[in-house]
Amino acid sequence: MSTENSADKYDLVRKDIIKVFPEEEYDDGSFAPVVLRLAWHASGTYDHKHKDGGSDGATMRHNTEASDPANAGLDVARNVLEPIKQKHPWISYADLWTLGGCVAIEHMGGPHIEWTGGRRDKHSDADCPPVGRLPDAALGKDHVLAVFVNRMGFTVQETVALIGAHTVGRCHRDRSGFDGPWTVTPTRFSNQFFKQLLAQTWVERKWDGPRQFEDVETQELMMLPTDIALLDEPFRKYVDIYAQDKQKFFDDFSSAFLKLIELGVAKRGKL
Ligand code: HEM
């Protein structure tokens, strides 16, 4: 297959992915945020010391990983992408899910990610990485550093940039237990998350759910404990930069996200 034809093939998949995003009845009218979260959770299991986990394999198809409570609700994203897999059976799930995340980001107005294909699916439940690697939103700074810097091998700057993806989407009571969106534009990828984090006064929400924060002014926006942790060093300086400079956020997010979806992916020629 020539390079040109491969690119064309992926282009057809990109177009079909975009077509499944709009859905008036769902959340804020788009499946793009949950598809982005699927790409992140498929990749975010990588352990750079053990050299296992990561997007290669699409192991979330199997029960052990699919039933990890951290992945609750991601069946929505997997199901939305399934007809595209049926239409283009040559693409691996691992490529489809990561490409889906990239297309979602760009579709919502975010940066282009230099995605390349070549991931292969693994076919047994025994291939799943250990459950419990994904971050716990109820925890704080040390946990965020342990997961992103120590386990996955990101810098602090990349960590902050990646969590800026919370500019889109929302939390669901019946999935994570948390509730609400981070911004008033949950289907628009921008640096609003950082702007709101700094601009609003955040107080603990008084409710019967897990500890989360709400903005004093409207009480309609939310932050997770791990998001609030970004207000302190070593994260804070990057929050300040990204709140002021959307282009810098886009540039840094785009390279950090590419690194995320490539973690543990076997080296292959550029397609
Ligand atoms: C400390 C790190 C992180 C924690 C603790 C965390 C936690 C969460 C939680 C609890 C939710 C709500 C899930 C639900 O109820 O549906 C969520 C949603 C989301 N997260 Fe994160 N997350 C983290 C990092 C990231 C990263 C690195 C990305 C992508 C690069 C990301 C992208 C998203 C998106 C797009 C949603 C919205 C999904 C939707 O609307 O259905 N998150 N996250």
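User: Which residue has a polar backbone atom 3.0 Å from an oxygen atom of the ligand?
Analyst: This is a predicted model, where local features need pLDDT of at least 70, side-chain atom pairs count only at pLDDT 80 or more, and totals for chains, interfaces and linings use all residues. Residues are numbered from 1 along each chain as its sequence is written, and side-chain values use heavy atoms, with hydrogens and water left out. A polar contact is a pair of N or O atoms within 3.5 Å. The residue whose polar backbone atom lies 3.0 Å from a ligand oxygen is Arg170.

User: How far is an oxygen atom of the ligand from an N or O atom in the side chain of His172?
Analyst: Good one to look up in the structure! For comparison, a nitrogen atom of the ligand is 3.1 Å from a side-chain N or O atom of Trp40. For His172, the distance from a ligand oxygen to a side-chain N or O atom is 2.6 Å.

User: What are the centres of domain 1 and domain 2 separated by?
Analyst: The bounds come from an automatic or database domain assignment, which gives domain 1 (3-134 + 257-262) and domain 2 (141-255). Taken over C-alpha atoms, their centres are separated by 21 Å.

Key. Polar contact = N/O pair within 3.5 Å; in protein donor to acceptor, adjacent residues only side chain to side chain.
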